[in-house]
Structure formats: structure tokens, C-alpha cells
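Hello,

Here is the structure I promised to pass on to you. Have a look, and then read on for what turned up.

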Amino acid sequence: MADRPEIVCICGSARFAGEMRAANRDLTFAGVIVVAPGEADELITSEQKTALDALHLRKIDLADRVLVVNPGGYVGESTHREIAYAHATGKPVSFTDPPGR
């Protein structure tokens, strides 16, 4: 038995916030520690987006693996960067739907 629960970082487009919340809930009830993108109720500045993007990479660093929430196979530019980062750091990456292209 592991000495701690698995840690999963959720990645995906902000347009799928509801789906990411559902994945977070399901993983949490399965005993997984979840780190997920930050959410904002209002528009954010480009500086805030840059800071949040950098913070999310640190969340990937903490994780054992990455789960990309991508209904319909959609993967946007920021999520592509996060997937590339995860691969570069040796983190396994899985998808809720087959990646589209």
C-alpha cells in the first residue's frame, strides 16, 4: 500500500469548468488528491493569466499524473503546453476523451 494517495492534476480548457469540477469530485471520492486549475468569476488580465499558467505548471510538478478533461477531444493551446510540460517531466497523461486534431 502506498504511504499517500495518488495525486492527479486536472488540465483542460476553462470552457469545461463544469466537467473539470465533476472529474475533481469523482477522483476525490475515489481517494485521490486532486490539484486543478484556478477559477475566476470575472475576466482576468494577461498578467494574471500568465501567473496562473505558471502556477498550473507547478501543480503538474506536484502530481503523479495528469488528467486532461477534453470533451469531444478538444485540446486548446494552453492545455497543449501543459501536456508537453507533463511529458517533458515524465508525468503520465490521460484524457477523458480521445484527443482531437
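Which strands does helix α1 lie across? Helix α1 (residues 17–29) lies across β1, β2 and β3, and runs at about 170 degrees to β1. Helix α2 (residues 46–62) packs on the sheet too, touching β1, β2 and β3, with its direction at about 145 degrees to that of β1.

Before more detail, some background. This is a predicted model, where local features need pLDDT of at least 70 and side-chain atom pairs count only at pLDDT 80 or more, while totals for chains, interfaces and linings use all residues. Residues are numbered from 1 along each chain as its sequence is written, and side-chain values use heavy atoms, with hydrogens and water left out.

As for terms, helices (H or I, at least four residues) and strands (E, at least two) are DSSP runs numbered from the N terminus. Contact means heavy atoms within 4.5 Å. Axes are lines fitted to C-alpha atoms, for helices over the stretch in contact, and angles run from 0 to 180 degrees between N-to-C directions.

Now the sheet: it is open, with 4 strands in the order β2-β1-β3-β4 and parallel pairing (strands pair if DSSP finds at least two bridges between them). β2 (33–35) and β4 (93–95) each have a single partner strand, so one side of each lacks a neighbour in the sheet. β1 (residues 7–12) and β3 (residues 65–69) pair over 5 bridges, and Ile 10 stands opposite Leu 67 in β3.

Finally, there are 0 disulfides (pairs of cysteine sulfur atoms within 2.5 Å). The sulfur of Cys 9 is 4.3 Å from that of Cys 11, its closest, too far for a bond.

Best wishes
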